[in-house]
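Dear colleague,

Here is the structure I promised to pass on to you.

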Amino acid sequence: MSTPTPGQVIVSYRGLASLLENIDLQSAAEAGFLRNEEAGDNPLVARAGDDPMGVAGAPPAQVQPVSEDLSDIDELQRMVMMSQLQKAIGEIAVADRTPGVFFVPDSQAASLLLAYMADKGLETGKLEPLKNNNFEVKFDDHDIGGWVGSFLRDWIKRLQKRPFLPPPTGVDVIGNSARIAIMGDWGSGLYGAPVCAQSIEKANPAYDVVVHLGDIYYAGNHKEVKSRFLAYWPKLPKALHRAVNANHEMYSGGEGYFDHVLPEFKQPSSVFALQNDYFLLVGLDTGYSEHDLHGGQVEWLAGLIAQAGNRKVVLFSHHQPFSVLESQGPKLIKKLRPFLSTGRIFAWYWGHEHRCMVYEKHREWQMWGRLIGHSGYPYFRKDFSGYPLAQANRDGSSFRVLAATDVAPRSAVLDGSNPYVTDAPLKYGPHGWASIELVDRQIVERIHAADGTVLHEKELL
Ligand SMILES: [Fe+2]
Ligand SMILES: [Fe+2]
């Protein structure tokens with residue numbers, strides 16, 4: 001058995017069930033569970049004589065002391081966190097659909113809890129092998145001692161965000177012929193994610209720019225950005241590498257993203273601007289303030305557009321301006337309306353929603369919208385069988401037509417199975433990525449399967 005790396009550790013509810021079901025968090029919080037002197041009545045503390053192995057006749061367990069005194073933490077904050085923790089456990093229980101398959105609910109508490117548990121599993125060796133050399137964390141109720149307190153400490157550290165870095169003053173100049181690869185929601189280190197990275201790395205001619213549309217799971221902490229993201233990112237030393245900020249990165253306060261991803265990419269801020277004679281490509285940070293534009297981004301974008309002449313403007317962000325299947329982005333639309341309503345934004349690539357969707361041109365904004373959120377997160381497949389077929393792909397996947405709504409144009413959604421999620425390939429949607437090729441005024445867009453196969457190609461006009 002090979003030594004597990006953090007990128008291969010999966011936390012499932014079944015691995016935690018015994019642990020989590022044995023904790024009455026509310027009464028624990030009310031009882032001030034974190035003080036050692038109350039350990040005798042504390043449901044979170046293993047007592048002397050407990051049998052840690054569940055084996056009759058085994059030596060008595062060592063008393064596991066409650067390791068944290070959190071009396072310095074404001075009681076109200078502690079109660080709020082405990083209630084969020086309880087909610088997170090419920091979210092984890094509901095979201096864990098297929099045994100042994102990676103998942104993470106979209107909340108800070110649940111993401112931090114899963115990140116913490118993955119780390120504890122590695123630290124204590126409480127891991128069981130899964131298929132594909134992955135490992136699952138398996139705790140039992142004798143592992144309870146002290147973890148809640150230690151987790152809250154861990155969480156409190158992450159409530160402090162890394163400072164927002166000011167947008168760069170200039171633009172990065174790229175060639176008039178430029179190839180740009182785009183992945184979104186790629187930071188799992190699992191399934192099709194490494195395959196996407198390898199096919200980008202091997203592409204000929206080589207890509208000049210590689211963009212991540214955000215989300216490094218579970219919470220983008222120091223270890224995760226190294227083991228799930230940087231370890232697999234395409235190694236193209238001549239290319240420019242750019243990553244926008246996202247909600248999962250910010251669940252750890254942005255520590256991994258700001259401390260490691262940006263320096264590694266030589267990217268001075270969580271926003272970026274690339275320009276040639278015909279195009280202006282702008283990456284926005286919608287993660288620092290979730291689904292919003294923090295700092296002076298709108299003014300910065302206005303300045304960029306003002307200097308851009310008649311260059312076409314392409315945006316990249318983690319969160320969506322609109323969606324046919326999930327929530328909308330009213331804050332983004334309100335702040336960017338001056339550019340959208342005047343037709344100044346030519347195209348916009350986003351992630352967050354775990355799917356690939358190609359929208360028809362937005363009639364009012366004259367904008368091409370694309371959702372590329374399917375590069376690495378194993379997303380549960382929706383039944384699109386009743387939707388009209390737009391295109392059958394050579395790899396067995398297809399594009400299905402979704403009707404326009406009052407906020408979103410008609411679109412084609414990529415549907416199919418996921419051969420990289422070997423536990424349940426038919427239940428999970430395909431992984432893949434997108435590319436745009438700029439040749440002077442021309443822009444050609446491609447949607448690729450994880451292995452690089454072109455599924456869709458279109459010149460954007
Ligand atoms: Fe995501
Ligand atoms: Fe996200």
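**The core**

In this predicted model, the largest nonpolar core has 124 residues, and those with the most contacts inside it are Leu113, Leu114, Ile182, Cys196, Leu213, Val282 and Tyr349. By nonpolar core I mean a set of buried Ala, Val, Leu, Ile, Met, Phe, Trp, Tyr and Cys residues joined through C-beta atoms within 7 Å. A residue is called buried if 20 or more other C-beta atoms lie within 10 Å of its own, exposed if 12 or fewer, and partly exposed in between, with C-beta atoms placed from the backbone. Helix 4, which covers residues 108–124, gives this core its largest share, 9 residues; helices (H or I, at least four residues) and strands (E, at least two) are DSSP runs, numbered from the N terminus. At least three residues of the core come from each of domain 1 (6–159) and domain 2 (172–459), the bounds being taken from an automatic or database domain assignment. Ile182, leaving aside its neighbours within four places in sequence, is in contact with Val211, Leu213, Tyr349, Ile372, Trp433, Ala434 and Ser435, where contact means that the C-beta atoms of two residues, placed from the backbone, lie within 7 Å.

Strand 17 (residues 432–439) and strand 18 (residues 442–449) run antiparallel and are joined by 8 bridges; two strands count as paired if DSSP finds at least two bridges between them. Their hairpin has 2 residues between the strands, and Asp440 takes a positive phi near 50 degrees there. Strand 18 pairs in turn with strand 19 (residues 454–459), again in the antiparallel sense, over 5 bridges, and the bridge partner of Arg446 in strand 19 is Glu457. This second hairpin has 4 residues between its strands, with Gly452 in the turn showing a positive phi of about 100 degrees.

An open sheet of 3 strands has the order 1-3-2 with mixed pairing. Strand 1 (9–10) and strand 2 (127–129) stand at its edges with a single partner strand each, so one side of each is left without a neighbour in the sheet. Strand 1 pairs with strand 3 (residues 135–137) in the parallel sense over 2 bridges, and Val9 stands opposite Phe135.

Elsewhere, Lys361 lies in the loop between strand 12 (356–359) and strand 13 (368–372). Is Lys361 buried or partly exposed? Lys361 is partly exposed, because 15 other C-beta atoms lie within 10 Å. Not counting residues up to four places away in sequence, Lys361 touches Gln366, Met367, Trp368 and Pro409.

**The whole chain and its confidence**

The protein chain comes to 11 helices and 19 strands, and 48% of its 461 residues count as buried. Its average pLDDT, the predictor's confidence in each residue from 0 to 100, is 87, and 86% of the residues score at least 70. Please read residues 30–67 with care: pLDDT stays under 50 there, and the model has 59 contacts for them beyond four places in sequence.

Local features need pLDDT of at least 70 and side-chain atom pairs count only at pLDDT 80 or more, while totals for chains, interfaces and linings use all residues. Residues are numbered from 1 along each chain as its sequence is written, and chains are lettered from A and ligands numbered from 1 in the order in which they are written.

With best wishes
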